[in-house]
Amino acid sequence: MLAKQGIHSFESWEWNPEVIIHTFNPEVSLFVDDPIVKIDRGMYAGHNSAREGILMSTGYTRGVRSMISLCQGLTPNKQDNAMALWPPRIIPAKERVRTQSRHLSRGEGPSSLLNASENAFRIRKWVEFGGMGAPLGVHMGEDVMTFSTVPEEYYTATKEKPWQGIWVGDYSGHGCEFLLLLQSAVDKSLERPKSSIESPSQHHLDGRDLQGRRSLPVKKGEDGSYAGRLEAIKLTGDPNVPRGEYTWVAEDIGSEGLLRIAGEKMFKGARVVKSLGHCAAGGFREGKYLCFEGQKHNN
């Protein structure tokens, strides 16, 4: 999938005139310029080892090579906190695979097809001079990317979880990024998974002074959709906060986290809840969570 930011417009926010709001109308489409994966029927025929990668006929640039390889899933007893895994532990998954290893670029994979993961695979790309596929070719700029599926029940919206799904976020100069929004029940006895910096639950969210601000009354008899925790995890990242990290978290979108119902024209009727936004310097340094007001719209 490919997302473009589209045309922005800028408006002053009635609730806080010092804040400028820019609109976001992304253009989402399939990326069809150059296939990332091209699988031919019988491509593994004749290969005796599942560890071997398969060269793919993708790319229009001469000398750029692309190879797909299988992964071996790690059972929980083979995982430890020092391992870099995909999907990361904060994303629900049926199984996880390693994303960093000294053998990864050379096809660290399953011992046989029977042990191959059905949910993950790797793409290795490099620029090759001289051999064009021959063993003596010189490899440069080698990069290995790990891909995995997300269980359907975690990106499908339901009546009880209307905001759950895969969304597109506007990250200004970084462009559009895809986010996985998970909506779950609040369980204070459950230790929340942490990002590689710190857990959002370490922060305390204080209410704002709402005196003199125009808000609509909270509706009585709310249904179950206005409850629980809502968290956004990056599926694509940027130089500041990479993929697999929280980008924002609302610990409770129910009554305990509710600040107000927006009455200003721009966001009229939206629920405003206590939230945390994840910020970091380039290279994912000096990461921290900042308190902000998150707005949830029914549409």
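This report describes the fold, the surface and several single residues of a predicted protein model.

## Basis of the model

Because the model is predicted, local features need pLDDT of at least 70 and side-chain atom pairs count only at pLDDT 80 or more, while totals for chains, interfaces and linings use all residues. Residues are numbered from 1 along each chain as its sequence is written, and side-chain values use heavy atoms, with hydrogens and water left out.

## Overall make-up

The protein has 18 strands and zero helices. Both kinds of element are DSSP runs numbered from the N terminus: a helix is H or I with at least four residues, and a strand is E with at least two.

Of the 299 residues in the protein, 36% are buried. Buried stands for under 20% relative accessible area, exposed for over 50%, and partly exposed for values in between (1.4 Å probe, protein chains only). A contact is defined by heavy atoms within 4.5 Å. Among contacts with a separation of 6 or more, 58% join residues 24 or more positions apart.

## Surface

Accessible areas come from the Shrake-Rupley method with a 1.4 Å probe; for residues, only the protein chains shown count as cover.

Leu2, Phe31, Ile36, Val37 and Ile39 make a nonpolar surface patch of about 390 Å². Patches are made of residues with over 30% relative accessible area and no salt bridge, where like charges are joined within 9 Å and nonpolar side chains (Val, Leu, Ile, Met, Phe, Trp, Tyr) within 5 Å. A salt bridge is a side-chain nitrogen of Lys or Arg within 4 Å of a carboxyl oxygen of Asp or Glu. Val37 is partly exposed, at 31% relative accessibility.

## Cysteines and Glu27

The count of disulfides is zero, a disulfide being a pair of cysteine sulfur atoms within 2.5 Å. Cys71 is buried, with a relative accessible area of 0%. Cys176 is also buried, at 17% relative accessibility.

Glu27 is in strand β4. Glu27 and Cys176 are 149 residues apart in sequence, but their C-alpha atoms are 9.6 Å apart in space. Leaving out residues up to four places away in sequence, Glu27 touches Leu2, Ala3, Lys4 and Gly6.

## Gln183

Gln183 is found in strand β12 (residues 176-184) and is buried, at 2% relative accessibility. The side chain of Gln183 reaches the backbone nitrogen of Trp163 at 3.4 Å. This is a polar contact, that is, a pair of N or O atoms within 3.5 Å; within protein, one must be able to donate a hydrogen and the other to accept it, and residues adjacent in sequence count only if both atoms are side-chain atoms.

## Backbone details in loops

The peptide bond from Trp86 to Pro87 is cis, with omega near -10°. Pro87 lies in the loop between β7 (85-86) and β8 (97-98).

Ser172 has a phi near 50°, a positive value in a residue other than glycine. Ser172 is in the loop between β11 (165-170) and β12, and is exposed at 51% relative accessibility. Phe284 has a positive phi, near 55°, and is likewise a residue other than glycine. Phe284 lies in the loop between β17 (271-281) and β18 (285-296), and is buried, with a relative accessible area of 17%.
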